[in-house]
Amino acid sequence: MRRPRPGAPSNPTCATRSPRKEFEVFYQPLFNLAAGVINGFEALVRWRHPERGMISPIEFIPLAEETGLIVPLGEWVLRQACIEAANWPDGLKVAVNISPLQFRDGGIVPAITSALSASGIPASRLEIEITESMLLNSDQGTLAALHQLRETGIGISLDDFGTGYSSLNYLRVFPFRKLKIDQSFVRDLGFERGTMAIVGT
């Protein structure tokens, strides 16, 4: 893997901390195999508990969603990721995961607009990632928000595709720029011929 260009995070574990310094935003490189370069970073939130140490998002994200705290937490991660990306070279994008509750709350479009305005990066450098669980319970408001975001130039990715209730209809109805195939398929690429056919398709 080539080293990131000047101005990009040199270490995917570099982080921005929340005001109480417990939540941190880490950055994982996104590698373009065809071009052989890093073309962006995915923002990943982690919780460094003062007593329990680093807590996996598998533990705290469901709790944050259950309590509704995922909305302010998600907005903070979004803003911090955009501000961090403003320090990177123009060609590098930042990807941020968005919870279904952030869409149901109705404030996702203003939150993204505010984050872009505060950071000064163009919409084309931001990519949001949503999961199939959001699509299962989507309504016209969610679809309208997705189209509104796409029209501004923001990229929209479908995460973990191929698991749960995956439907090809999602690819027809929703404005996705990228599909992130679930790791269970990618892990077996070199061993399962059927897996290779599915991923290739």
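This is a predicted model: local features need pLDDT of at least 70, side-chain atom pairs count only at pLDDT 80 or more; totals for chains, interfaces and linings use all residues.
Biologist: What makes the rings of tyrosine 27 and tryptophan 88 an edge-to-face pair?

Modeller: Their centres are 5.6 Å apart, and rings pair if their centres lie within 6.5 Å. Their planes stand at 90 degrees, and planes over 60 degrees apart count as edge-to-face. The pair is therefore edge-to-face. By this rule the count of aromatic pairs comes to five.

Biologist: Why is the pair of tyrosine 27 and tryptophan 88 said to tie together parts that are apart in sequence?

Modeller: Tyrosine 27 belongs to strand S2 (residues 23–32), while tryptophan 88 sits in the loop between helix H2 (70–85) and strand S5 (93–97), so the pair ties together parts that are 61 residues apart in sequence. Both tyrosine 27 and tryptophan 88 are buried.

Biologist: Why is the pair of phenylalanine 41 and tryptophan 88 called tilted?

Modeller: The ring centres are 5.1 Å apart and the planes are at 55 degrees. Phenylalanine 41 lies in strand S3 (residues 37–49), so its pair with tryptophan 88 ties together parts that are 47 residues apart in sequence. Phenylalanine 41 is buried, as is tryptophan 88.

Biologist: Which residues do ring pairs link into a cluster?

Modeller: That cluster consists of Phe23, Trp47 and Phe60.

Biologist: How do you know that strand S7 is largely enclosed by the rest of the structure?

Modeller: S7 covers residues 155–161, and six of its seven residues are buried, so the strand is largely enclosed.

Biologist: What makes S7 a paired strand with strand S6 and with strand S8?

Modeller: Pairing requires at least two bridges. Strand S6 (residues 126–131) and S7 have five bridges and are parallel, with isoleucine 128 opposite isoleucine 156. Three bridges join S7 to strand S8 (residues 178–181), again in the parallel sense, and serine 157 stands opposite lysine 178.

Biologist: How do you know that a polar contact joins the side chains of lysine 180 and glutamate 42?

Modeller: The distance is 3.1 Å, and the cut-off is 3.5 Å. Lysine 180 is in strand S8 and also touches residues including Glu129, Asp159 and Asp160.

Biologist: What is found at the start of helix H1, and what follows H1?

Modeller: At the start of H1 (residues 57–67), a side-chain oxygen of serine 56 comes to within 3.1 Å of the backbone nitrogen of isoleucine 58. Glycine 68 follows H1, with a positive phi near 85 degrees.

Terms used. Residues are numbered from 1 along each chain as its sequence is written. Side-chain values use heavy atoms; hydrogens and water are left out. Rings of Phe, Tyr and Trp (its six-membered ring) pair if their centres lie within 6.5 Å; planes under 30 degrees apart count as stacked, over 60 as edge-to-face and the rest as tilted. Helices (H or I, at least four residues) and strands (E, at least two) are DSSP runs, numbered from the N terminus. Buried means under 20% relative accessible area, exposed over 50%, partly exposed in between (1.4 Å probe, protein chains only). A polar contact is a pair of N or O atoms within 3.5 Å; within protein, one must be able to donate a hydrogen and the other to accept it, and residues adjacent in sequence count only if both atoms are side-chain atoms. Contact means heavy atoms within 4.5 Å. Lists of a residue's contacts leave out its neighbours within four places in sequence.
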